Amino acid sequence: FVFEHPVIADFRYRGQPGRLDMSVAIAQSGPMQIELIEQHDDQPSAYRDVYKAGQEGMHHICSFVPDYDAEIRRHAAQGAPIAHSGLAGDMRFCYVDTRASIGCMTEILQENQPMRDMFRHIADAAQQWDGRNPIRSL
């Protein structure tokens with residue numbers, strides 16, 4: 001599933017207002033979801049903190065959490081700052097800079113039913129995939 005140039009509202013990079021132009025392709029392999037992210041601009045972001053334009057590699061792990069604010073506080077208490085944050089629809093998300101402790105960023109997604117439904121739809125589609133048409137929309 002591909003999301004090209006999704007609208008990211010209230011985008012902040014290291015606490016400062018900014019903007020982000022990116023696309024993401026989401027795939028599922030068994031219980032693991034895999035995201036391929038392409039940032040289309042050179043604006044500061046958690047993506048550019050790890051990889052410059054043209055570079056690639058493992059960027060982050062993700063936690064889908066019921067108490068977003070508590071998870072942010074937990075990471076802050078461990079000295080891990082928010083690299084960037086925003087709103088995707090009505091879901092808050094951020095990337096916490098956990099590179100010093102685990103070697104990659106940690107994405108935190110605010111758990112909500114629409115996102116849970118979308119992730120279930122992606123997982124179900126992967127189980128039923130017949131090997132044709134790898135790029136599909138929701």
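Student: What lies 3.1 Å from the backbone nitrogen of Arg-48?

Tutor: A polar atom of the side chain of Ser-45 lies 3.1 Å from that nitrogen of Arg-48. A polar contact is a pair of N or O atoms within 3.5 Å; within protein, one must be able to donate a hydrogen and the other to accept it, and residues adjacent in sequence count only if both atoms are side-chain atoms. The backbone nitrogen of Tyr-47 also lies 3.1 Å from a polar atom of the Ser-45 side chain. Before we go on, please note that this is a predicted model, where local features need pLDDT of at least 70 and side-chain atom pairs count only at pLDDT 80 or more, while totals for chains, interfaces and linings use all residues. Residues are numbered from 1 along each chain as its sequence is written, and side-chain values use heavy atoms, with hydrogens and water left out.

Student: Where is Ser-45, and why is it called buried?

Tutor: Ser-45 sits in the loop between E5 and helix H1 (46-50). Helices (H or I, at least four residues) and strands (E, at least two) are DSSP runs, numbered from the N terminus. Buried means under 20% relative accessible area, exposed over 50%, and partly exposed in between (1.4 Å probe, protein chains only). The relative accessible area of Ser-45 is 0%, so Ser-45 is buried.

Student: Which residues is Ser-45 in contact with, leaving aside its neighbours within four places in sequence?

Tutor: Contact means heavy atoms within 4.5 Å. With those neighbours set aside, Ser-45 touches Phe-11, Tyr-13, Leu-20, Gln-39 and His-84.

Student: What makes Pro-66 exposed?

Tutor: Its relative accessible area is 71%, so Pro-66 counts as exposed. You will find Pro-66 in the loop between E6 and H2. From Pro-66 to Asp-42, 24 residues away in sequence, the C-alpha atoms are 32 Å apart.

Student: Why does His-5 count as partly exposed?

Tutor: The relative accessibility of His-5 is 44%, so His-5 counts as partly exposed. His-5 belongs to the loop between E1 and strand E2 (9-13), and has a positive phi of about 50° although it is not a glycine.

Student: And what about Arg-14: why is that residue partly exposed?

Tutor: Arg-14 has 33% relative accessibility, so Arg-14 counts as partly exposed. Its place is the loop between E2 and strand E3 (16-17). Arg-14 has a positive phi of about 50° although it is not a glycine.

Student: Which residues of helix H2 are buried, and how do you know that they line one face?

Tutor: In H2 (residues 68-77) the buried residues are Tyr-68, Glu-71, Ile-72 and His-75. Seen down the axis of H2, they fall within an arc of 100°, so they line one face of the helix. The arc is that of the directions from the helix axis to the C-beta atoms. An α-helix has 3.6 residues a turn, so residues three or four places apart point the same way. On the other side of H2, Arg-73 and Ala-77 are exposed. The cover over the buried residues of H2 includes E6, strand E7 (82-88), E8 and E9. Just after H2, Gly-79 takes a positive phi of about 80°.

Student: How do you know that the span of helix H4 agrees with what it should be?

Tutor: The expected span of a helix is 1.5 Å times one less than its number of residues. For the 15 residues of H4 (residues 113-127) that gives 21 Å, and the end C-alpha atoms are 21 Å apart, so the two agree.

Student: What caps the N-terminal end of H4?

Tutor: Asn-112 does: a side-chain oxygen of Asn-112 lies 2.8 Å from the backbone nitrogen of Met-115.

Student: Why is the chain called as compact as a globular protein of that length?

Tutor: The chain has four helices and nine strands. Its radius of gyration is 15 Å, close to the 14 Å that the globule rule gives for 138 residues, so the chain is as compact as a globular protein of that length. The radius of gyration is taken over C-alpha atoms, and the globule rule is 2.2 Å times the number of residues to the power 0.38. Of the 138 residues, 34% count as buried.
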